[in-house]
Amino acid sequence: MSDAVLITAAGTSQRMQIGKKEYLPFSSSDSEQSVLSEVVFRFAQSKLFSVILITVPSGDEEKAEQMVKKDLRVVPFFENKALKIIFAEGGATRKESVFKGLQALTAENPDFVFVHDGARPWISQALLKTIVEKTHELGAVVPAIPVIDTQKEIDETGKIIKHLERKTIKAVQTPQGFPFLKLLAAHASAAGDDKAYTDDSEIYALFAGDVYICEGERENKKVTFPEDLGY
């Protein structure tokens with residue numbers, strides 16, 4: 001089996017307010033370790049993947065690569081012939097960025113692809129291994145954790161219209177694993193509509209097939225606000 005990672009880091013990070021979150025320092029003790037370099041390091045360190053492709057804003061490909069290479073832990077992986085690290089142009093939306101990334105991966109033709117948020121730097125080695133194994137076994141898998149707060153569905157006025165059962169609801173995370181060609185075809189189908197899909201599992205489920213969950217980790221959180229990085 002050949003496995004590729006597609007890391008999405010082409011967003012504008014508007015809610016962060018202090019800069020593009022993937023480019024911010026991840027470690028207070030080492031300013032050269034960025035959020036994005038931490039993500040790349042963790043995937044490279046696992047030795048589970050033959051390709052890591054990172055989508056970044058148009059024109060940022062060289063800038064992002066040089067920034068990641070400032071993290072000395074990552075530099076040896078760029079010289080490892082068993083791993084290819086690629087920076088590619090993303091799009092205006094997450095859906096567009098993933099589709100562009102998948103198209104860029106066609107030259108590598110992996111069996112499976114694992115799509116991960118570039119602002120989710122706390123992914124553990126154990127969870128990576130689990131997701132890869134479960135994806136090989138089941139075909140399409142996303143990590144998920146139970147929701148803690150009671151969930152409600154509301155209408156456009158803010159009125160509660162449905163009381164949801166927590167036991168049937170999960171909060172999903174990334175990386176999300178899929179058969180590469182099936183996800184590529186699903187994104188090609190989704191590219192023709194104006195729908196704002198929440199994640200790749202929604203696109204896959206609509207156009208390709210069933211998606212299963214595996215146990216995620218609460219530590220695998222996403223950087224959204226400055227306080228998430230201790231700022």
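Predicted model: local features only at pLDDT ≥ 70, side-chain atom pairs only at ≥ 80, totals over all residues.
Let's start with helix α4, which spans residues 94-104. Its buried residues are Lys95, Ser97, Val98, Phe99, Gly101 and Leu102. As for what the buried residues of α4 pack against, the partners are strands β1 (3-8), β4 (51-56) and β6 (112-117), plus helices α6 (180-190) and α7 (200-207).

Now look at Arg94, in the same helix α4. Its side chain meets that of Asp117 in a salt bridge, 3.4 Å from N to O. Since Asp117 sits in strand β6, the pair ties together parts that are 23 residues apart in sequence. Arg94 is partly exposed at 29% relative accessible area, while Asp117 is buried at 6%.

Both residues turn up again in the lining of the second largest pocket, along with Arg120, Gln173, Tyr197 and Lys222, among others. That pocket holds about 170 Å³ of space, and its lining divides into 5 charged, 4 polar and 2 nonpolar residues.

Back to the salt bridges: the whole structure has 15 of them. One joins Glu202 and Lys195, with the closest N and O atoms 3.2 Å apart. Glu202 is partly exposed at 26%, and Lys195 is also partly exposed, at 40%. Elsewhere, shared partners link Glu38, Arg42, Asp71 and Arg73 into one network. Within that group, Arg73 and Asp71 bring their closest N and O atoms to 2.7 Å; Asp71 is buried at 2%, whereas Arg73 is partly exposed at 26%.

Notes:
Residues numbered from 1 in each chain as written. Heavy atoms only, no water. Buried < 20%, exposed > 50% of the residue type's maximum accessible area, 1.4 Å probe, protein only. Helix = DSSP H or I, 4+ residues; strand = E, 2+ residues; numbered from the N terminus. Contact = heavy atoms within 4.5 Å. 1 Å grid on protein atoms, 1.4 Å probe; cavity = no way out; pocket = protein on both sides within 12 Å on 5 of 7 lines; lining within 4 Å. Points joined across faces, edges and corners; volume = space filled by probe spheres on them. Nonpolar A, V, L, I, M, F, W, Y, C, P; charged D, E, K, R; others polar. Salt bridge = Lys/Arg side-chain N within 4 Å of Asp/Glu carboxyl O.
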